[in-house]
Amino acid sequence: MPNVGNLVGLVLVSHSVALAEGVRELVAQLGGEVPVAVAAGAPDGGLGTSVERVAAALAEADRGAGVVVLPDLGSAVLTVRALLDDEPRPGARLVDAPFVEGAVAAVAVASTGAVLAEVVAAAEEARRVRKF
Amino acid sequence: MFGSSDGPRAGRRAERCDGAHGGVPDSAHEAARNSEHETAYDTAGDDVADGAACAEDVLLGADLHLRPAGAVVRAAAVYAAEVRIEVGERTASASSVLAVTGLAARAGTRVTVRGRGPDAAAAVRALAALLRAPG
């Protein structure tokens, strides 16, 4: 079921730039061409999240096939919801999944050309996969 | 404990994927059936009543870290067959990067690549070659 066009993207929404960049560095190991964007840190650069940074990351990662949005903790969810309530974006899917494992699973499946629903399912499935 | 009442196919012995046994032409039945078999998979036996199955043992050419696991997932996605990687008593879907890395398998480890489905032979050959390659 590959997309004929672009790959599904991933947005990492985190309170910490270092955390999100670290996850992006990790998923780059998987190879493939999946667009991964980071929306991390407060507007002043400290710990926190920002609507503006999420909006910019969505625009960066969504190449037309949709984008999975992965928050690190609950208040990042509030930021994403605030944005999507104001500016609905049908191709953006906020996913409840572990930050590291969800990102790895999403990027691996997205790199196969899977459609948005399949990438969402892979990220959500990460909740159930045991680490060892 | 694994009943071996099905003759030569039964048990954990791998059927080779070179076409001598249970193999099918690589693309012959590709369109025939795809998703009916997704969940039911018996790692103990080779009940092939519902589709071709075969397996191949390989020695891992590299540790199964994130990079090779990503390549495994992309390679498996090309085929309709369900492919699993077995290490001892553990088994992982080749389509799940978390399951594959969860095997924590080191270079030199003997693993079994087992496929089930219309293009199982081709899928297993491709995955086995990938896993055999040095990192």
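1. B:Glu56 is buried, at a relative accessible area of 8%. Here buried means under 20% relative accessible area, exposed over 50%, and partly exposed in between (1.4 Å probe, protein chains only). The side chain of B:Glu56 meets that of B:Arg132 in a salt bridge, 2.6 Å from N to O. A salt bridge is a side-chain nitrogen of Lys or Arg within 4 Å of a carboxyl oxygen of Asp or Glu. B:Arg132 counts as partly exposed because its relative accessibility is 40%.

2. A word on the basis. This is a predicted model, in which local features need pLDDT of at least 70 and side-chain atom pairs count only at pLDDT 80 or more, while totals for chains, interfaces and linings use all residues. Residues are numbered from 1 along each chain as its sequence is written, chains are lettered from A and ligands numbered from 1 in the order in which they are written, and side-chain values use heavy atoms, with hydrogens and water left out.

3. Chain B has three helices and four strands. Their order along the sequence is β-α-β-β-α-β-α. Helices (H or I, at least four residues) and strands (E, at least two) are DSSP runs, numbered from the N terminus. Of the 135 residues in chain B, 46% are buried. Among contacts in chain B with a separation of 6 or more, 78% join residues 24 or more positions apart. Contact means heavy atoms within 4.5 Å.

4. Helix H3 of chain B covers residues 120-132. Its 13 residues should span 18 Å at 1.5 Å a residue, and the end C-alpha atoms are 18 Å apart, so the two agree. The expected span is 1.5 Å times one less than the number of residues. Buried residues of H3(B) include B:Val124, B:Leu127 and B:Leu131. Their cover includes strands E1 (53-59), E2 (82-87) and E4 (110-116), together with H1, of chain B.

5. Strand E1 of chain B also holds B:Ala55. B:Ala55 is buried, with a relative accessible area of 1%. B:Ala55 and B:Ile85 are 30 residues apart in sequence and 9.5 Å apart in space, C-alpha to C-alpha. A further salt bridge joins the side chains of B:Glu82 and B:Arg84 (3.4 Å, N to O). Both of these residues are buried.

6. The contact between the chains takes 15 residues from chain A and eleven from chain B. About 1,100 Å² is buried between them, 68% of it on carbon and sulfur atoms. Buried area is the accessible area (1.4 Å probe) that two parts lose on being put together, summed over both. On the chain B side, B:Leu66, B:Arg74 and B:Leu98 lose the most area, together 53% of what that side buries. Zero salt bridges are counted between chain B and chain A.

7. In chain A, A:Thr79 sits in helix H3 (residues 74-86). A:Thr79 counts as buried, at 11% relative accessibility. Its side chain makes a polar contact with the side chain of A:Thr49 (2.6 Å). A polar contact is a pair of N or O atoms within 3.5 Å; within protein, one must be able to donate a hydrogen and the other to accept it, and residues adjacent in sequence count only if both atoms are side-chain atoms.

8. The whole structure has eight salt bridges over all chains. One of them pairs A:Glu21 with A:Arg24, the closest N and O atoms being 3.0 Å apart. Both lie in helix H1 (residues 17-28) of chain A, three residues apart, about one turn of the helix.
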